[in-house]
Amino acid sequence: QVQLVESGGGSVQPGGSLRLSCASSRGIFSIYAVGWYRQAPGNERELVASITREGTTFYKDFAKGRFTVSRDMTENTVYLQMDDLKPEDTARYYCNADITGWGQEVYWGQGTQVFVSP
């Protein structure tokens, strides 16, 4: 079992920034990839960004240039820095750990809510 705890969500105005954190109970060096997903009301959960054990990052198009995923191996924490936030970024953001990279062992956190409004 892996526990993932997200934090850092909140309410911001358009153009503002937030940094989300995902603290893992398992060393992230042993996790194939950690991803950030989001889900807005009425929408399906979608991938935002991810980072692999080797440090390779991936971003969905809407996140490129605005969001940055990073990690602190000593703290077993993965971060999502979100800049230039837009109202359409309003969603609940979830952390996901894919242990093997094959989707056979996957864990989710409870999520953290982000509101972007004037």
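A polar contact is a pair of N or O atoms within 3.5 Å, and within protein one must be able to donate a hydrogen and the other to accept it. I keep that cut-off at hand for this notebook. The model I am reading is a predicted one.

**Entry 1: Asp89**

I started with Asp89. I found Asp89 in the loop between E8 and strand E9 (91-98). Is Asp89 buried or exposed? Its relative accessibility is 0%, so Asp89 counts as buried. Next I looked at its side chain. The side chains of Asp89 and Arg66 are joined by a polar contact of 2.7 Å. Then I listed its contacts, leaving aside neighbours within four places in sequence. Asp89 touches Arg38, Arg66, Phe67, Asp84, Val114 and Val116.

**Entry 2: Asp84**

Asp84 was on that list, and I looked it up next. Asp84 also sits in the loop between E8 and E9. Its relative accessibility is 37%, so I noted Asp84 as partly exposed. I checked the backbone too. Phi of Asp84 is near 50°, which is a positive value in a residue other than glycine.

**Entry 3: Asn76 and Thr77**

I moved to the loop between E7 and E8, where Asn76 has its place. Asn76 has a phi near 50°, again positive in a residue that is not glycine. Thr77 lies in strand E8, which covers residues 77-82. What does the side chain of Thr77 reach? I found the backbone oxygen of Glu75, at 2.9 Å. Thr77 has 9% relative accessibility and therefore counts as buried, the limit being under 20%. Leaving aside neighbours within four places in sequence, I found Thr77 in contact with Ser21, Cys22, Ala23, Ile28, Ser70, Arg71 and Asp72.

**Entry 4: Tyr79**

I stayed in strand E8 for Tyr79. Tyr79 has a relative accessible area of 14%, so Tyr79 is buried. I listed its contacts with the sequence neighbours within four places left out. Among them are Arg19, Leu20, Ser21, Trp36 and Thr68. The list also includes Val69, Ser70, Arg71 and Asp72. I then took one distance. Tyr79 and Arg53 are 26 residues apart in sequence and 14 Å apart in space, C-alpha to C-alpha.

**Entry 5: the sheet around E8**

Which order do the strands take in this open sheet of 4 strands? I read E1-E3-E8-E7, with antiparallel pairing. The edge strands are E1 and strand E7 (67-72), and each pairs on one side only. From one strand to the next, the twist averages 15°.

I went through the pairs. E1 and strand E3 (residues 18-24) pair in the antiparallel sense over 4 bridges. In that pair, Ser7 stands opposite Ser21 of E3. E3 and E8 pair in the antiparallel sense over 6 bridges. Cys22 has Val78 in E8 as its bridge partner. I noted the background as well: strands of a sheet pair through backbone hydrogen bonds.

**Entry 6: two alternating strands**

In a regular strand the side chains alternate between the two faces of the sheet. I looked for this pattern in E1 (residues 4-7). Leu4 and Glu6 point to one face and are buried.

Thr112, Val114 and Val116 point to one face and are buried.

**Entry 7: the partners of E11**

How many bridges join strand E2 (residues 10-12) to E11? I counted 3, and the two strands run parallel. Val12 has Val116 in E11 as its bridge partner. E9 and E11 also pair over 3 bridges, but in the antiparallel sense. There, Arg92 has Gln113 in E11 as its bridge partner.

**Entry 8: the cavity**

Last, I looked for empty space. Rolling a probe the size of a water molecule over the atoms shows where empty space is left. The structure holds 1 cavity of 30 Å³ or more. The largest cavity has a volume of about 40 Å³. Its lining includes Ile28, Ile31, Tyr32, Ala33 and Val34. Ile51, Thr52, Arg53, Arg71 and Val78 line the largest cavity as well. Which strands supply at least two residues each of this lining? I found strand E4 (33-39) and strand E5 (46-52).

Definitions and conventions: Residues are numbered from 1 along each chain as its sequence is written. This is a predicted model: local features need pLDDT of at least 70, side-chain atom pairs count only at pLDDT 80 or more; totals for chains, interfaces and linings use all residues. Side-chain values use heavy atoms; hydrogens and water are left out. Buried means under 20% relative accessible area, exposed over 50%, partly exposed in between (1.4 Å probe, protein chains only). Contact means heavy atoms within 4.5 Å. Two strands pair if DSSP finds at least two bridges between them. Axes are lines fitted to C-alpha atoms, for helices over the stretch in contact, and angles run from 0 to 180 degrees between N-to-C directions. On a 1 Å grid over the protein atoms alone, a cavity is a set of points where a 1.4 Å probe fits but cannot get out, and a pocket is an open set with protein on both sides within 12 Å along at least five of seven lines; lining residues have an atom within 4 Å of a point. Grid points are joined across faces, edges and corners, and a volume is the space filled by probe spheres set on the points.
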